[in-house]
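Please read the points below with the structure open beside you. They are meant to be taken in order.

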Amino acid sequence: MKKEQENLHYSEDRDGRVKDTGEVFTPDSLVQKMLDQLSIDWSNPPQDKTFLDPTCGTGAFLTALAKRGIPVDMIYGVELMPDNVAITKQRLTDIFLEQGMKIEDIQYHLDRNIVCADALTYHFEFHEYNEEGI
């Protein structure tokens, strides 16, 4: 497996999912190159800018943002596949725990900001969800 694919999270039914949902993961090396193209001083990352990945998959862009210092409450994602949502939330949880955040604070934001929905029909009003995510 190529080095750039090591951090991709493939399901066991990879071929079926690609055919059914168009699921394609962005290699970490490409994520880094794309983020480097933004007009952002990553040595002093913005704390007041919102970042949204409308098809977040397993969170490649969102986890890269978290590692670059973007706060949990400024990271948003929408993903069609429930298992990918769970992976994204776990990856982000691990990063923010390493940064010293409390698990309750992390979960509070991730439960509201990372949602399982179809990005083509989702209303993108994250905070309208109740405790069950409905």
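**Notes on a predicted model**

1. Helix H3 is mostly covered, with seven of its eight residues buried. This is a predicted model, and the notes below should be read with that in mind. The buried residues of H3 are Ala60, Phe61, Leu62, Thr63, Ala64, Leu65 and Ala66. Their cover includes H2, strand E1 (51–53), strand E2 (75–79), H4 and E3. Just after H3 comes Gly69, whose phi is positive, about 105°.

2. Before going further, look at the confidence. The protein chain has a mean pLDDT of 86, and 83% of its residues reach 70 or more. Over residues 1–7 the pLDDT is below 50, and beyond near neighbours in sequence this stretch has seven contacts in the model.

3. Now the overall layout. The protein chain holds five helices and three strands. Read from the N terminus, the order of elements is α-α-β-α-β-α-α-β. The protein chain has 134 residues, of which 42% count as buried. Its accessible surface is about 8,300 Å², and carbon and sulfur atoms account for 51% of that. Among contacts between residues at least 6 apart in sequence, 66% join residues at least 24 apart.

4. As background, nonpolar side chains in soluble globular proteins tend to be buried together.

5. Leu35 can be followed in more detail. Leaving aside neighbours within four places in sequence, Leu35 is in contact with Trp42, Phe61, Ala64, Leu65 and Arg68.

6. Is Ser29 buried or partly exposed? Its relative accessibility is 31%, so Ser29 counts as partly exposed. Ser29 and Ala60 are 31 residues apart along the chain, and their C-alpha atoms are separated by 10.0 Å.

7. Strand E2 is mostly covered, and five of its five residues are buried. Both faces of E2 are covered: on one side Ile75, Gly77 and Glu79 are buried, and on the other Tyr76 and Val78 are. E1 and E2 run parallel and are joined by three bridges. Phe51 stands opposite Ile75 in E2.

8. Gly77 has a relative accessible area of 0%, so it is buried. Not counting residues up to four places away in sequence, Gly77 touches Leu52, Asp53, Cys56, Leu62, Asn113, Ile114, Val115 and Phe126. Between Gly77 and Thr58 there are 9.9 Å from C-alpha to C-alpha, and the two are 19 residues apart in sequence.

9. How many disulfides does the structure hold? It holds zero. Cys56 is in no disulfide, and the nearest cysteine sulfur, that of Cys116, is 9.2 Å away. As for cover, Cys56 is buried, with a relative accessible area of 4%, whereas Cys116 is partly exposed, with a relative accessible area of 42%.

10. The last point concerns a backbone angle. Phe124 lies in the segment after strand E3 (114–116). The phi of Phe124 is near 55°, a positive value in a residue other than glycine. Most residues other than glycine have a negative phi. Phe124 has a relative accessible area of 30% and is therefore partly exposed.

Methods: Residues are numbered from 1 along each chain as its sequence is written. This is a predicted model: local features need pLDDT of at least 70, side-chain atom pairs count only at pLDDT 80 or more; totals for chains, interfaces and linings use all residues. Side-chain values use heavy atoms; hydrogens and water are left out. pLDDT is the predictor's confidence in each residue, from 0 to 100. Contact means heavy atoms within 4.5 Å. Helices (H or I, at least four residues) and strands (E, at least two) are DSSP runs, numbered from the N terminus. Buried means under 20% relative accessible area, exposed over 50%, partly exposed in between (1.4 Å probe, protein chains only). Accessible areas come from the Shrake-Rupley method with a 1.4 Å probe; for residues, only the protein chains shown count as cover. A disulfide is a pair of cysteine sulfur atoms within 2.5 Å. Two strands pair if DSSP finds at least two bridges between them.
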